[in-house]
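Student: Please take one part of this model and look at it closely, then connect it to the rest of the chain. I would like the cut-offs stated along the way.

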Amino acid sequence: MPAFLVVLLLLAAGVVTVSPASAAPVAACAAGPLSPSKPDGAVVVAPGTDLSEKTRELPAGTTFWLTEGKHTLGQDEYGQIIPKDGNVYLGAPGAVLDGGGVNRYAFTQQARDVVIRGLTIRGFAAPRDQGVVNHDSGEHWTIEGNTIEDNRGAAMMAGPRQEILRNCLRNNGQYGINAYRAGDGITGLLVEGNEITGNNTDDWEKQVPGCGCSGGAKFWAVNGADIRGNWVHHNHGAGLWADTNNNDFLIEDNLIEDNEAEALFYEISYNLVVRDNTFRRNTLVQGRAFAARGDDFPVGTIYLSESGGEPRIPARTSSVEIVDNVFEDNWGGITAWENADRFCNSPANTSSGSCTLLVPSVSSCSSPGIGSRPLYDDCRWKTQRVSIHGNKFSHGSSCTGLCGRMALLANFGTYPDWSPYRDSSVSDAVTFRQGNRWYDNAYSGSWRFVAHDTSRTLGASAWQGAPYSQDAGSSFG
C-alpha cells in the first residue's frame with residue numbers, strides 16, 4: 001500500500017498527526033469531526049430538542065452537548081441558533097446539525113468567545129456571499145474539528161480573532177471560508193490545520209462572470225492573518241484569495257494543490273510572507289481556458305495583482321516575500337502584475353468605493369491633485385518590494401505553449417482620460433523602479449519569463465541580463 005494511503009488510514013483512526021509541511025497532507029475530512037468528551041455540567045441536547053429555544057432560555061457561558069443523530073432547526077428558513085457570550089456547542093460522535101435545505105444559517109449574531117467543536121454541519125442554504133457558521137462575524141469564535149459540508153453559500157464567515165482549527169470544509173456552494181465583515185475590522189485571524197476542498201460547487205464565476213466570488217477561502221480587508229498547516233485542494237476556483245486592502249498575512253507550511261484557478265491570489269493588498277509551502281498542479285483549468293481563447297496573459301499559480309510591501313502600513317514585514325516554497329507541475333509560476341488603469345477613484349477599479357490604505361477618501365484621488373505627489377504615489381496600489389527567492393520551480397515535458405511562465409509586468413495605461421498613469425509609466429515602474437526581485441531560485445523544465453508587458457517573452461539568459469537583471473544566483477535545469 002502506498003505510504004500516502006497508510007498515513008490517511010492512520011489519520012482516520014486517530015493514530016497519528018502529520019505536519020502539513022511533510023509529504024502527507026492533513027486529512028481532516030478522512031478523519032472526521034473531533035470527538036470531545038462530555039464536560040461535567042454540560043446541557044445534553046438530543047435530536048428533536050429545540051436547540052434555539054434552549055439557547056434563549058439558558059445563560060451566557062452554557063455548554064451544550066449534542067448527542068448522536070440528526071439535529072434540525074425546523075421548517076422556517078430563518079430557523080437558527082443565536083449563541084450568547086461564551087456559549088460552547090460540542091458534538092458527540094455522529095452528531096449532525098442539518099439544515100434540510102431549508103434553514104439559511106446555523107449559528108448567527110455577534111456573541112463573543114463562542115466555541116463550536118466536533119459537529120457535522122450540512123444542508124444549510126445560505127445566500128451568495130453569506131455564511132452558515134458565525135454568519136454575522138462575531139468576535140473570537142473558535143471553530144474546531146468540525147465537518148462543514150454540502151451547504152449553499154460559505155461554510156463560515158470569519159470575525160476578529162477567530163480561530164479556525166482542524167476542520168473539514170468541503171463541497172460548499174461558494175466558499176469554505178468567507179472572511180468578510182461589514183465595516184471591515186477583521187484582525188488576528190488564525191486558519192490552521194484545515195482541509196479546504198471542493199468548494200464553489202455552484203460555479204459562481206460562471207453564473208456571474210467576473211464576480212470574483214469563488215474558491216476555497218476569500219479574505220476582504222483582513223488585517224493580520226496566519227494561514228498555516230492547511231490542505232487546500234480541488235476547489236473550483238482559487239485556493240486562497242485575498243481581495244482588497246488585506247495586510248500582514250503569513251501563509252506557511254500549507255499543501256495547496258489541484259485548484260482550478262490560482263493557488264494564491266493576493267489582490268490590491270499589502271505586506272505578505274509566503275514560505276515553506278508546496279504548490280502542485282494548480283491553475284491548470286484556468287490556464288488552459290486562457291490558452292484556448294488565445295489570451296496570452298501569463299496566468300500565475302501565485303498571482304500578485306497590485307499588491308506589495310508598504311512600510312507605512314504596520315505589519316510583521318514591509319515586503320512581499322515568497323521564500324523556500326516548492327512549485328511542481330502548475331500551469332505557471334509567479335505573476336507580479338500591476339494594472340495601470342486600476343487605482344483609487346478609477347472606474348476601472350472593480351473594488352468600487354475602496355481606496356488605498358494611504359489615502360483617507362476616494363474623492364481625494366481626482367484630477368488635478370492626483371497628478372502630483374503624494375497622491376500620485378498613494379492613490380495607486382503598487383506591486384512593489386516583492387522578493388522571490390529560495391524557491392524550487394519544476395514542470396514536466398507536457399508543459400508546452402503558454403504554460404511554464406514567470407512574469408513581472410503591467411499594461412499600457414489608457415483609462416480614464418484624466419489618469420496620470422497613462423502610457424508605459426506603470427510598466428516601467430513595476431519592472432525597474434519598485435524593488436521587485438527574483439534571486440537564488442532553482443528551475444527545472446523549460447521556463448520562460450514575461451517582462452514589462454505581455455509582448456516581451458524572454459529566455460533565462462535575457463531575464464538575467466540587462467536591463468531586467470532578475471534571478472541572480474538562480475539555477476536553470
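Tutor: The buried residues of helix H7 are covered by, among others, strand E29 (334-338), strand E32 (405-410) and strand E35 (448-452). The model is predicted, so local features need pLDDT of at least 70 and side-chain atom pairs count only at pLDDT 80 or more, while totals for chains, interfaces and linings use all residues. Numbering starts from 1 along each chain as its sequence is written, and side-chain values use heavy atoms, with hydrogens and water left out. Helices (H or I, at least four residues) and strands (E, at least two) are DSSP runs numbered from the N terminus.

H7 spans residues 425-433. Its buried residues are Val 426, Ser 427, Ala 429, Val 430 and Thr 431, where buried means under 20% relative accessible area, exposed over 50%, and partly exposed in between (1.4 Å probe, protein chains only). Arg 433, also in H7, counts as exposed because its relative accessibility is 61%. Leaving aside neighbours within four places in sequence, Arg 433 is in contact (heavy atoms within 4.5 Å) with Ser 425 and Asp 428. Just after the helix, Gly 435 takes a positive phi of about 70 degrees.

The C-alpha atoms of Arg 433 and Gln 384 are 8.5 Å apart, although the two residues are 49 apart in sequence. Gln 384 is one of the residues nearest the centre of the largest cavity, along with Tyr 270, Glu 310, Arg 380 and Lys 382; the lining comprises 13 residues. A cavity here is a set of points, on a 1 Å grid over the protein atoms alone, where a 1.4 Å probe fits but cannot get out; lining residues have an atom within 4 Å of a point. The volume is about 70 Å³, taken as the space filled by probe spheres set on the points, which are joined across faces, edges and corners. A search of the whole structure finds one cavity of 30 Å³ or more.

Another helix for reference is H5 (residues 284-292), whose buried residues are Gln 286, Gly 287 and Phe 290. These cover an arc of only 100 degrees around the axis, which puts them on the same side of H5; the arc is that of the directions from the helix axis to the C-beta atoms. Arg 288 and Ala 292 are exposed on the other side. After H5 comes Gly 294, with a positive phi near 80 degrees.

Next, the nonpolar cores, each a set of buried Ala, Val, Leu, Ile, Met, Phe, Trp, Tyr and Cys residues joined through side-chain atoms within 4.5 Å. The largest has 85 residues, of which Phe 107, Ile 121, Leu 189 and Phe 219 touch the most other members. Apart from it lies another core, of 14 residues, including Phe 290, Val 299, Trp 331 and Cys 399.

Asn 391 sits in the loop between strand E30 (386-389) and strand E31 (392-394), and counts as buried because its relative accessibility is 1%. Its side chain reaches the backbone oxygen of Ile 322 at 3.0 Å. Leaving out residues up to four places away in sequence, Asn 391 touches Ile 322, Val 323, Asp 324, Asn 325, Phe 327, Asp 440, Asn 441 and Ala 442. Thr 197, in strand E16 (residues 195-197), is buried as well, with a relative accessible area of 8%. The side chain of Thr 197 reaches the backbone oxygen of His 233 at 3.0 Å.

Last, some backbone details elsewhere. A cis peptide bond with omega of about 5 degrees joins Ala 466 and Pro 467; Pro 467 is in the loop between helix H8 (460-464) and strand E37 (475-476). Asn 245, a residue other than glycine, has a positive phi near 60 degrees. Asn 245 lies in the loop between strand E20 (240-243) and strand E21 (247-252), and counts as buried at 12% relative accessibility.

Terms used
A polar contact is a pair of N or O atoms within 3.5 Å; within protein, one must be able to donate a hydrogen and the other to accept it, and residues adjacent in sequence count only if both atoms are side-chain atoms. On a 1 Å grid over the protein atoms alone, a cavity is a set of points where a 1.4 Å probe fits but cannot get out, and a pocket is an open set with protein on both sides within 12 Å along at least five of seven lines; lining residues have an atom within 4 Å of a point.
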